[in-house]
Amino acid sequence: MRHGKYPFIIGFLAVPVALYATFVVAAYIQTFQLSMTSWSGFGAIKFVGADNFVKLWNDELFWKSLRHNGYLLLLLPIVTIALALVFAFLLNVGGGSKGGVTRGVWGSKFYRVIFFFPQLMALAIVAVIFGRVFASDKSGMLNGLFPDSWSPWLFLADERWALTCILVVLVWQAVGFYVVLFSAGMGSIGEEIYEAAALDGASRITLFFKITLPLLWNTIQTGWVYLGIAAFDAFALINIMTVDRGGPDGATSVLAMMIYRNTFEYSQVGYASALGVVLFFLTLTFAALTLRVTRRDAV
Amino acid sequence: MSNLTATPPAKTAVAPQTAKKHREIKAFNSLAHIALVFWALVTAGPLLWVLLASFKSNTEIFLGEPFALPSSFSLDTYFSAWDQAHIGRYFLNSVFVVLFSTAGTMLFGSMAAYVLARYRFFGNRILYYLFVSGLAFPTFMALGPLYYILRNMGLLNSYIGLILVYIAYSLPFTVFFLAAFFKTLPHEIDEAATVDGASHTRKFFQIMMPMAKSGLVSITIFNIVGQWNQYLLPLVIMQGQGAEEKWVLTQGIANISTQAGYHAEWSTLFAALTLSIIPMIIVYAVFQRQIQAGLTAGAVK
């Protein structure tokens, strides 16, 4: 009955596996191999052992970039998830109950549609828009809104604030997605749980912390991992928005930017690969840690 | 962050008193609306500002009244964005690439997922985990090797190269998601079709694919959006002689942004941005529900 099973299996798997092996698996394996060489992208490949990693350890820009990734990694999930939770809660249970049915506030569907839209836009296009929003003269949206008596804010041109501008843009884009995600989660929490709690006289704040938050924990955890991975990237924003792509004076440099520049601008493919390897282990550690630390028994 | 404070003051648990309860709900509701309207403005504001600025002259843009109406609504900036700044070409390039890459991703992704989900054979698990492990690797960690692999194959700066790479990098999630989906489909129909003498291939295309429609729609949307918005991969692949002709929209916009800085042609940049956002708004308005479902599908599992 299982006639011709193997030819079928091979026929179906051949193309996808070949594509995946050629462009993804091979590229990743080569990253690990090249991280031990001093290859420039041309000529012979010379094995240098752990030299790249020693060099990396002593590279000031590497530690700086790592701190910037850490800053985004810490704040992007916290700010985004906090805002998204509040908005999702207001949309879903904010309206209180009438006739025994908990409803969202008036117009909640409309808000959800608006909030979600930025998620659909390419990060590159968002970067171009916000590059202008944060422009350091009167042509910028924010400086234009400020009173004329203020001297213009530098935003991206200010070492102290440039990275925060990047964070703001990332949050701006991400919040709506998590509002929708958490809304879906809240929708699946049974009405009767809220009603029972409301009957017991629980205020909305109590409802939020004692019922909504614990029941949404798994979704929040997934969101945390996704946002963390996004924080390791941010390449499009940094490459398009910032002064000198990673500046001013390295103030917005991140690992992704270093990998790109070392590969395509400084002809240091070996070094870039070593950075890639470090990045790989960092991402993996982060995902494993998040899942472990935030693990709770199923409610 | 002021919106974080838009929650009512805490109250102690008391027996519900209708009058008090009503006042409380009213106060809460208005605070809720203030917070929500605030975020709606924060979301839509920059987009509206881009639209307004696309009709303004440089002088008007530098006036410091970002939300003032433009003095005239001439479409000249749009013509120059479409023609001289080549937004039209970049747009069509993106359409062309995403059409083929998403079709390819769906075809090959569902073929692999189906076989891995429903057939037992030696190496099944190994292949499955090989695909899924791709989810854990950040794309940009292997930029250099990817570039040289493509160069050695002569695929740099070609649509075929870009499309194949899009497909390859979309496979992990597509296979992961669809394999889980194919597993849930009932086995009875499968067996009945086998008894009736349907071949494996026919079973896949005529029975399994239609049954998996909802999953396929979600993941198709996910891939269209992801590939349409891709910036890093085209940046790496579409470089070299004559590459500008083949740039996709994200690359094109980024470049117009740099050019606008040199030539101070800000309104053209804003017109270009508007032109690239409007199609998204239209598509979003029509398929709003499916798009939300498709994009969140990954996180819900």
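Visitor: How much of residues 128-150 of chain B is helix, and how far apart are the end C-alpha atoms?
Guide: In this predicted model, that stretch of chain B is 61% helix and 0% strand, with its end C-alpha atoms 25 Å apart.

Visitor: And residues 156-182 of chain B, what are they like?
Guide: Those residues are 89% helix and 0% strand, and their end C-alpha atoms are 35 Å apart.

Visitor: Which residues of chain B does UniProt annotate as "transmembrane region"?
Guide: The unreviewed UniProt entry puts that annotation on residues 30-52, 90-116, 128-150, 156-182, 203-225 and 266-287 of chain B.

Visitor: Which residues of chain A carry that UniProt annotation?
Guide: For chain A, the annotation in an unreviewed entry covers residues 7-29, 71-93, 113-135, 161-181, 224-243 and 269-291.

Visitor: Pick a couple of those. How much helix is there in residues 113-135 of chain A?
Guide: Residues 113-135 of chain A are 65% helix and 0% strand, and 28 Å lies between the end C-alpha atoms. For residues 161-181 of chain A, the figures are 95% helix and 0% strand, with 30 Å between the end C-alpha atoms.

Visitor: Let's look at where the chains meet. How many residues are in contact?
Guide: On the chain B side there are 82 residues, in contact with 87 residues of chain A.

Visitor: Which element of chain B gives the most to that side?
Guide: That would be α1(B), with 15 residues.

Visitor: How many of the chain B residues there are nonpolar, polar or charged?
Guide: The side of chain B that touches chain A has 62 nonpolar residues, 18 polar ones and two charged.

Visitor: What about the largest nonpolar core, which residues touch the most other members?
Guide: Phe87(A), Ala124(A) and Ile166(A) do, in a core of 172 residues. Domain 1 (2-76) and domain 2 (80-300) of chain B each supply at least three residues to this core.

Visitor: What does Phe87(A) touch?
Guide: Leaving out residues up to four places away in sequence, Phe87(A) touches Phe115(A) and Val179(A), along with Leu36(B) and Trp39(B) from the other chain.

Visitor: Back to the domains of chain B. How far apart are the centres of domain 1 and domain 2?
Guide: Taken over C-alpha atoms, the centres of these two chain B domains are 35 Å apart.

Visitor: How many residues are in contact between domain 1 and domain 2 of chain B?
Guide: Ten residues of domain 1 are in contact with nine of domain 2. On the domain 1 side, the elements giving two or more residues are α1 (18-53) and α2 (58-61) of chain B. The largest share, four residues, is from α1(B). By type, the domain 1 side divides into five nonpolar, three polar and two charged residues.

Visitor: New topic: what is the phi of His86(B)?
Guide: His86(B) has a positive phi, near 60°, and is not a glycine. Most residues other than glycine have a negative phi.

Visitor: Where does His86(B) lie?
Guide: His86(B) sits in the loop between α3 (76-82) and α4 (87-118) of chain B.

Visitor: Why does His86(B) count as partly exposed?
Guide: Because 19 other C-beta atoms lie within 10 Å of His86(B), whereas a buried residue needs 20 or more.

Visitor: And Asn157(B), what is its phi?
Guide: Asn157(B) also is not a glycine, and its phi is positive, about 55°. Asn157(B) is found in the loop between α6 (143-152) and α7 (159-184) of chain B. Asn157(B) counts as partly exposed because it has 18 C-beta neighbours inside 10 Å.

Key. Residues are numbered from 1 along each chain as its sequence is written. Chains are lettered from A and ligands numbered from 1 in the order in which they are written. This is a predicted model: local features need pLDDT of at least 70, side-chain atom pairs count only at pLDDT 80 or more; totals for chains, interfaces and linings use all residues. Domain bounds come from an automatic or database domain assignment. Two residues are in contact if their C-beta atoms, placed from the backbone, lie within 7 Å. Ala, Val, Leu, Ile, Met, Phe, Trp, Tyr, Cys and Pro count as nonpolar, Asp, Glu, Lys and Arg as charged, and the others, Gly among them, as polar. A nonpolar core is a set of buried Ala, Val, Leu, Ile, Met, Phe, Trp, Tyr and Cys residues joined through C-beta atoms within 7 Å. A residue is buried if 20 or more other C-beta atoms lie within 10 Å of its own, exposed if 12 or fewer, and partly exposed in between; C-beta atoms are placed from the backbone. UniProt positions are given in the numbering used here, feature names are shortened, and annotations may be inferred rather than shown by experiment.
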